[in-house]
Amino acid sequence: MIKGIYTAARGLDARMKNLEVIANNLANLNTTGFKKEMPFSEVMNQYGQTQIQQVTDFRQGDLAQTNNPTDVAISGKGFFVVQTENGQELTRNGSFKISDNGYLVDQQGNKVMGQNGAIKIDMLSFEKQKSFTISNNGEVKFGNNVIDSLMIAKMNDQQDSERDSGTNFSATGGFQVANQNDFQIKQGYLEESNVNPIKELENMIQVNNEYQSASKMITFLDKSLDEANQIGKV
Amino acid sequence: MPTRALRTAASGMYAQELNIEVISNNIANINTTGFKKNQAEFQDLMYQQVNVSPVNSSVQGATQNSSTAIQVGNGVQPTADEKIFTQGDVTQTNNQLDLAIQGDGFFQVLKPDGTYAYSRDGSFQVNADGKIVTSSGYALDPPITLDQNSLSVSIGKDGTVTAQQVGGSSKVIGNIELARFMNPGGLKSLGDNLYAQTDASGTPIIGTPNKDGFGSINQGYLESSNVDIVQEMIAMIAAQRAYEINSKTVQTVQDMMTMANNLKQN
């Protein structure tokens, strides 16, 4: 019976951690390129052991028009690759800018990778050419001059990845160049967060109810133990 | 730790508060000539590894599995307050020194401290020295000066300023040049409808209007703000609801903590 109390207590702990996951999703309701985290669940593996499973929902977020030439969104599968101090990381956040030394960088100043290394914009070509365009297949162009193509990567295993701030993912399972047919690049658009507030509220209510059940269980067990303690009392 | 969920929700509420501030500034400037709307940008905070023990592991006698750690985020932070430089509507004023840029580019003005500022607000005036200045009194650069013989000016799409002289002749008294930026979203707002260059915007590229990707100059017109009231109202509703939903998280955490406090009843 005492074991039962511990089981229920771990249930409380798990629900509180799930609430933290939901809280983070809701806080990032308006974060560009954010991918929601599903509340974790326990699954039985093939050896009959329980395992914690945490799944990131990589579904497409809505595309919002900004008309800023250095804002890009991916429609379909794939990630932008940025060079951070922790190595190359993948992101769906295409809110880029040009750094003072001419590199295409993300909001933290990490260089955006092209297929031939970091994408550098030659200011001279900017002065001569009319427009800076990024085509549907990721070619970065000035007028008709192709500078490079954006490197669009796909993870070997999407769930084998770790989150980092800046809506970045580090692909612990490795990544490779994505298939050209799997994505389209949209210049002047940003991908919105894919958090659905209604779904999150639903999860929150569920977590709250489960927490209540587990706490009821504890008070019930506590009462039973108390009654057991009364046995033999004179 | 339940306080993490509270802090996460608080960061969400703070972010939405900032969002509302940005939106209200846009709405306040709906009639400001040459105003460009702002948009708040957010980014998730760092993630932490948190260990979760499977509930019935002790019952099963199963060994602790390495995949019991989950990643929990710490909320959201604002990263940028980005200007959106879409074209505003162009309205006719028939004033000869009202200029609207149709397309890319900014007027370059010289501030009294010797630095340059950039503006889309083309409501110019002539000051006591005959110089063409902005409504705040900053001179266009390169400077254009009207002399006392000038009756009226006509400004071409390419920025050529021609003055009609007393006696019927006309002469070119200067050329308006425009500045363009690689990333106009990175410009810093100075107020007074002026912007300053930053590392993020890149250095200005000066050129002739109506050429090489620069916009054309339209005399007798002004560019209205590019704020779309419907879009702002919708953004405001969304921000308010997002704020509300984050406050629901706070409420839920509180509920759960009350339940935890009630576990021990006697």
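Asn179(A) sits in the loop between β17 (175-177) and β18 (183-187) of chain A; helices and strands here are DSSP runs numbered from the N terminus, helices being H or I with at least four residues and strands E with at least two. Because Asn179(A) has 12 C-beta neighbours inside 10 Å, it counts as exposed. From the C-alpha atom of Asn179(A) to that of Met217(A), 38 residues along the chain, the separation is 52 Å.

This is a predicted model, in which local features need pLDDT of at least 70 and side-chain atom pairs count only at pLDDT 80 or more, while totals for chains, interfaces and linings use all residues. Residues are numbered from 1 along each chain as its sequence is written, and chains are lettered from A and ligands numbered from 1 in the order in which they are written.

**Where the chains meet**

- In total, 57 residues of chain A are in contact with 62 residues of chain B; contact means that two C-beta atoms, placed from the backbone, lie within 7 Å.
- On the side of chain B that touches chain A, the elements giving two or more residues include α1 (2-28), β1 (38-44), β4 (76-83) and α3 of chain B.
- The largest share of that side, 11 residues, belongs to α3(B).
- By class, that side of chain B has 29 nonpolar, 26 polar and seven charged residues. Ala, Val, Leu, Ile, Met, Phe, Trp, Tyr, Cys and Pro count as nonpolar, Asp, Glu, Lys and Arg as charged, and the others, Gly among them, as polar.

**Helix α3 of chain B and its partners**

- Helix α3(B) has 33 residues and reaches 48 Å from its first C-alpha to its last, close to the 48 Å expected at 1.5 Å a residue; the expected span is 1.5 Å times one less than the number of residues.
- Among the buried residues of α3(B) are Ala235(B), Ala239(B), Ala242(B) and Ile245(B).
- Helix α1 (residues 2-27) of chain A and α3 (residues 229-261) of chain B have axes that come within 10 Å and cross at roughly 170°. Axes are lines fitted to C-alpha atoms, for helices over the stretch in contact, and angles run from 0 to 180 degrees between N-to-C directions.
- That crossing makes α1(A) roughly antiparallel to α3(B). Angles over 145 degrees count as roughly antiparallel, under 35 as roughly parallel, 65 to 115 as roughly perpendicular and the rest as oblique.
- The residues that meet include Leu12(A), Met16(A) and Leu19(A) in α1(A), and Ile245(B), Asn246(B) and Thr249(B) in α3(B).
- The contact of α1(A) with α3(B) has 10 nonpolar, three polar and no charged residues.

**Helix α3 of chain A**

- Helix α3 (residues 197-230) of chain A packs with α3(B) at an angle of about 5°, their axes 10 Å apart.
- The angle makes α3(A) roughly parallel to α3(B).
- Residues making this contact include Pro197(A), Leu201(A) and Met204(A) of α3(A), and Ile245(B), Lys248(B) and Thr249(B) of α3(B).
- Eight nonpolar, five polar and two charged residues form the contact of α3(A) with α3(B).
- The buried residues of α3(A), among them Glu200(A), Met204(A) and Val207(A), pack against α1 of chain A together with α3 of chain B.
- After α3(A) comes Gly232(A), with a positive phi near 85°.

**Nonpolar cores**

- In the largest nonpolar core, of 58 residues, Val81(A), Leu90(A), Val112(A), Ile152(A) and Tyr118(B) touch the most other members. A nonpolar core is a set of buried Ala, Val, Leu, Ile, Met, Phe, Trp, Tyr and Cys residues joined through C-beta atoms within 7 Å.
- Strand β5 (residues 79-84) of chain A gives the largest share of this core, four residues.
- A second, separate core has 34 residues, including Phe40(A), Val195(A), Met204(A) and Ile245(B).

**Backbone details in chain B**

- Asp141(B) and Pro142(B) are joined by a cis peptide bond, with omega about -5°.
- Asn193(B), which is not a glycine, has a positive phi near 65°; with 24 C-beta neighbours inside 10 Å, Asn193(B) counts as buried.

Conventions:
Buried ≥ 20, exposed ≤ 12 C-beta atoms within 10 Å, placed from the backbone.
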